[in-house]
Amino acid sequence: MKILAIDSSGMVASVAVAEDDTLLGEYTIHHKKTHSQTLLPMIDEVVRMLELDLSAVDAIAVAAGPGSFTGLRIGSATAKGLGMALDKPLVAVPTVDALAYNLAGCGVLVCPLMDARRNQVYTGLYRFEGYQMHAVLDQCAVGIDEIVARMNEYGQAVTFLGDGVRVSAPYIQEHCSVPYTFAPAHLNKQRASAVAVLAMEYYSKGMVQTAAEHRPEYLRMSQAERERMERQR
């Protein structure tokens, strides 16, 4: 099984190709350029370096949200375009799940934190049995105070990762009463390789969709939608 995976759900842009239990290539960049500038050239470069015939991939995997509204739209549009052009199915991988899977095999709870603005984070809680991941708390949008309170109730050690760590660290340091660590730099942001590996599992279970069916999962309304509702009220 061969998967082309895309993650543009946050500041990081990442593209990977995996075949069975082998990561053939990955291109990840965290820079000021927008995903609309970087994503297609990154895919082109990975395909060129691997001498890959895109028609040989079995599916296109994409980090389906939550995350940056613009980033998710760019990633989804790219995946949909590739799926339609190549007549390949799409595998939608929840962004927070994929981020947690960076720490597959971790012996403590894993808590991804993505900065959702407005004093919220996209988050969840996960534990691993070997490399099998189980959601203790499914991905959601909550305040950092709520997720820290939940972990304090569980009373278990935890590792945090994600771009939300930077803004949430002061609160965690002051209020988290369980042992905690922060993931190192090479594991603490989105990676398309994690999306690809999870996509293989989903694909084997028949969890696929057509390009036309795919929609990003935002978890909450955009700022424009909130402002429109406020005006209507």
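Okay, some ground rules. What you see is a predicted model, where local features need pLDDT of at least 70 and side-chain atom pairs count only at pLDDT 80 or more, while totals for chains, interfaces and linings use all residues. Residues are numbered from 1 along each chain as its sequence is written, and side-chain values use heavy atoms, with hydrogens and water left out.

Let's start with the sheet. It's an open one built from five strands, in the order β3-β2-β1-β4-β5, and the pairing is mixed. At the edges sit β3 and β5, each pairing on one side only. From one strand to the next, the twist averages 15°. Helices and strands here are DSSP runs, H or I of at least four residues for helices and E of at least two for strands, numbered from the N terminus. Two strands pair if DSSP finds at least two bridges between them.

Zoom in on β1 and β2: they pair in the antiparallel sense over six bridges. There, A5 stands opposite A16 in β2.

Now the helices. Helix α2, residues 69-86, packs on the sheet and touches β1, β4 and β5, its direction making about 175° with that of β4. Then there's α6, which lies across β1, β2, β3, β4 and β5 and runs at about 130° to β1. Contact means heavy atoms within 4.5 Å. For the angles, axes are lines fitted to C-alpha atoms, for helices over the stretch in contact, and angles run from 0 to 180 degrees between N-to-C directions.

So what's on the inside? In soluble globular proteins, nonpolar side chains tend to be buried together. The largest nonpolar core here has 34 residues, and I3, V93 and V110 touch the most other members. Which element gives the most to this core? That's α6, with eight residues. By core I mean a set of buried Ala, Val, Leu, Ile, Met, Phe, Trp, Tyr and Cys residues joined through side-chain atoms within 4.5 Å. Buried is under 20% relative accessible area, exposed is over 50%, and partly exposed is in between, with a 1.4 Å probe and protein chains only.

Take I3: leaving out residues up to four places away in sequence, its contacts include A16, A61 and M200. Apart from this core lies another, of 20 residues, among them V15, V47, I60 and A79.

On to charges. The structure holds six salt bridges, each a side-chain nitrogen of Lys or Arg within 4 Å of a carboxyl oxygen of Asp or Glu. One of them joins R191 and E26, at 2.4 Å from N to O. R191 sits in the loop between β10 (180-182) and α6 (192-204), and E26 in β3, so the pair ties together parts 165 residues apart in sequence. R191 is partly exposed at 27%, and E26 is partly exposed at 25%.

Another salt bridge links R117 to D115, with the closest N and O atoms 3.8 Å apart. R117 is exposed, at 58%, whereas D115 is partly exposed, at 26%.

For C111, the nearest is that of C140, at 8.8 Å. C111 is buried, with a relative accessible area of 0%.

How values were computed
Disulfide = S-S within 2.5 Å.
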